[in-house]
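Student: Could we go through this model together? I'd like to begin with how the strands pair up.

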Amino acid sequence: MRPPRPLHLDDLPAGPEPGTLLCRTDALPDHGGAEIIFRDGDQVAHLLVQRYNGQVYLYENRCPHAGTPLNLFDERFLNTDGSSLICRTHGAQFHVETGYCHLGPCKGQYLRAVAFEERDGGLYSV
Ligand code: FES
C-alpha cells in the first residue's frame, strides 16, 4: 500500500485557511510532540506534530484502526523507547518519518500526512 497524498487542511470542514500558523516549532524540543485542534461548530480537525531527529512531521491525529486520536490524555506521541509514534488505544506503532504502521491492528496502513510549510520558527498550513 502506498502512503496517501498529504492532506491540505482547507479540505477539512474545520481546517484552517492556507497560511495559518499551526504551531511554533522553535520551542519544540527534539522528540517533542504537540496536539493541534481546530474547531468549527461540531466539526474538529485534530492534528499532531512531532519533532524527530531534527525534522518536523505533521499528521492527522487519527489512528487508521478505529479512528481515535493517537494520544489519550497528554501530548506524548512516541513509544517508550522513542522510536515510533504509538496509538494509546490498542498500541499500533507507526514510523515517524512516513506514518507507516509497522506493528499492531492496522499494520500496513498509514497515518495521513498533512501538507505544511515551516518558516520563521513556525509551522503553517499550505
Ligand atoms: S485505535 Fe489505534 S490501534 Fe486501535
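Student: Which residue stands opposite Val44 in strand 3?

Tutor: This is a predicted model, and in it Arg39 is the residue that stands opposite Val44 of strand 3.

Student: And how many bridges join strand 2 to strand 3, and do they run parallel or antiparallel?

Tutor: Strand 2 and strand 3 run antiparallel and are joined by eight bridges, while the hairpin they form has two residues between the strands, with Gly41 taking a positive phi near 65°.

Student: OK, switching to the core: which residues of the largest nonpolar core touch the most other members?

Tutor: That core has 17 residues, and those touching the most other members are Leu22, Ile36, Leu47, Val49, Leu58 and Leu123. At least two core residues come from each of strand 1 (21-24), strand 2 (33-40), strand 3 (43-52) and strand 4 (55-60).

Student: What is Ile36 in contact with, leaving aside its neighbours within four places in sequence?

Tutor: Ile36 is then in contact with Leu22, Cys23, Ala45, His46, Leu47, Val49 and Leu58. Another core, of 16 residues, lies apart from the largest one, and its members include Cys63, Phe77, Cys101 and Leu111.

Student: Now pockets: what volume does the largest one have, and which residues line it?

Tutor: The largest pocket has a volume of about 150 Å³, and its lining consists of Leu12, Pro13, Ala14, Gln43, Val44, Ala45, His46, Glu60, Asn61, Arg62 and Gly67.

Student: Where does the largest share of that lining come from?

Tutor: Strand 3 supplies the largest share, with four residues, and by class the lining has five nonpolar, four polar and two charged residues.

Key. Residues numbered from 1 in each chain as written. Predicted model: local features only at pLDDT ≥ 70, side-chain atom pairs only at ≥ 80, totals over all residues. Heavy atoms only, no water. Core = buried A, V, L, I, M, F, W, Y, C linked by side-chain atoms within 4.5 Å. Buried < 20%, exposed > 50% of the residue type's maximum accessible area, 1.4 Å probe, protein only. Contact = heavy atoms within 4.5 Å. 1 Å grid on protein atoms, 1.4 Å probe; cavity = no way out; pocket = protein on both sides within 12 Å on 5 of 7 lines; lining within 4 Å. Points joined across faces, edges and corners; volume = space filled by probe spheres on them. Nonpolar A, V, L, I, M, F, W, Y, C, P; charged D, E, K, R; others polar. Pairing = 2+ DSSP bridges.
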